[in-house]
Amino acid sequence: KDFVSAKLTPHVPAPLVVSPFGRPLPILLQSYLGGLKTYMLIPSFAIFGSTMGVLRTTDVCWSLLALLVFMLWARKLFGLAVALVAGFMLALDPSYLFLSVLDWGPFVPTFLCRVCGWFFFLRWTQNRKWRDAILAGLFFGLGVFNKVDFVVILLGCGLALLLTYRKAVFAVLRESKRQIAAAAAVFFLVTSPMIFCLVDVLGMAVGASTREGDLAEKLKTTQAMYDGSYIHRLMEVGGRFDLMYRQADTVWSPFGLIVIAAAV
């Protein structure tokens with residue numbers, strides 16, 4: 001909104017802002033949160049105005065694009081029938097709809113970067129084209145730039161890939177060194193603003209781990225995530241994270257127990 005209007009308005013100060021064309025543009029909104037969502041909203045705000053309706057409609061459109069890419073990825077991997085069923089299930093998932101419409105922080109760009117990265121990475125594994133390697137590195141990098149915890153997704157997927165297809169992974173590393181190096185270069189270029197703030201991010205993580213009551217809060221958050229009540233709890237207290245666990249539970253689900261049983 002500030003970039004479109006060329007005026008600064010009161011809000012949480014960003015740690016890194018540049019001023020192209022005399023307009024404020026945040027590179028980092030927080031030391032762990034890039035300005036990707038800002039850039040995704042600027043065209044809509046410039047054309048239709050900066051209103052709540054435009055904000056939410058833009059998020060829904062980006063979410064629908066992510067849904068389409070997810071279905072294209074599923075079709076390429078499993079076939080058309082699975083892609084249609086998977087797309088139908090995701091489109092009707094309450095959390096997908098809720099987070100898309102509510103404009104829940106960086107959720108929408110994170111999801112879009114994730115599915116685009118998977119899609120182009122899969123295409124690259126099948127045809128070894130430079131374009132797909134570069135685009136996979138770009139979208140995975142944008143995911144980390146959008147919010148640093150995207151690294152956890154990449155580490156998990158990378159570890160699973162290595163454990164499952166170890167010989168194939170090392171063979172590809174030998175055969176396609178130049179393409180992989182180019183994709184990695186694009187990845188690190190896009191994530192570079194976040195890398196420069198890595199010391200601050202790590203310092204925040206260490207500080208959070210030593211705060212009194214923080215471990216108990218994280219355990220409660222994990223429980224709320226697995227029983228499906230997290231967003232419901234947050235809405236009940238008007239979005240106040242500090243009040244979420246100060247009242248008695250109003251919902252319960254056996255989902256957490258089922259997850260533990262399934263994992264065992």
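A: Happy to. A patch takes residues with over 30% relative accessible area and no salt bridge, joining like charges within 9 Å and nonpolar side chains (Val, Leu, Ile, Met, Phe, Trp, Tyr) within 5 Å. Accessible areas are from Shrake-Rupley with a 1.4 Å probe, and for residues only the protein chains shown count as cover. Residues are numbered from 1 along each chain as its sequence is written, and side-chain values use heavy atoms, without hydrogens and water. The model is predicted, so local features need pLDDT of at least 70 and side-chain atom pairs pLDDT 80 or more, while totals for chains, interfaces and linings use all residues.

Val85, Phe88, Met89 and Leu92 together make a nonpolar surface patch of about 460 Å². One of these residues, methionine 89, belongs to helix 4, which spans residues 80-91 (helices are DSSP runs of H or I, at least four residues, and strands of E, at least two, numbered from the N terminus). Methionine 89 counts as exposed because its relative accessibility is 56%, where exposed is over 50%, buried under 20% and partly exposed in between, with a 1.4 Å probe and protein chains only.

On a 1 Å grid over the protein atoms alone, a cavity is a set of points where a 1.4 Å probe fits but cannot get out, a pocket is an open set with protein on both sides within 12 Å along at least five of seven lines, and lining residues have an atom within 4 Å of a point. Points are joined across faces, edges and corners, and the volume is the space filled by probe spheres set on them.

The second largest pocket has a volume of about 1,300 Å³. Its lining has 33 residues, and Phe121, Trp124, Phe140, Gly158 and Leu161 lie nearest the centre. Several helices contribute: helix 3 (52-78), helix 6 (107-127), helix 7 (130-146), helix 8 (150-164), helix 9 (166-175) and helix 10 (177-196) each supply at least two lining residues. Helix 8 gives the largest share, with 10 residues. By class, this pocket's lining has 29 nonpolar residues, three polar and one charged (nonpolar: Ala, Val, Leu, Ile, Met, Phe, Trp, Tyr, Cys and Pro; charged: Asp, Glu, Lys and Arg; polar: the others, Gly among them).

The largest cavity has a volume of about 40 Å³. Arg233, Glu236, Met244, Gln247, Ala248, Asp249, Thr250 and Val251 line this cavity, a set of three nonpolar, two polar and three charged residues.

Finally, the charged pairs. The structure holds four salt bridges, each a side-chain nitrogen of Lys or Arg within 4 Å of a carboxyl oxygen of Asp or Glu. In one of them, the side chains of lysine 37 and aspartate 59 meet at 3.5 Å, N to O. This pair links distant parts of the chain, from helix 2 (residues 36-48) to helix 3, with the partners 22 residues apart. Lysine 37 is buried at 11% relative accessible area, and aspartate 59 is buried at 2%.

Arginine 131 pairs with aspartate 132, their closest N and O atoms being 3.6 Å apart. Arginine 131 is partly exposed at 45%, whereas aspartate 132 is buried at 0%. Between aspartate 149 and lysine 147 the closest N and O atoms are 3.8 Å apart; aspartate 149 is partly exposed at 41%, and lysine 147 is partly exposed at 25%. Shared partners also join Arg123, Arg131 and Asp132 into one salt-bridge network.
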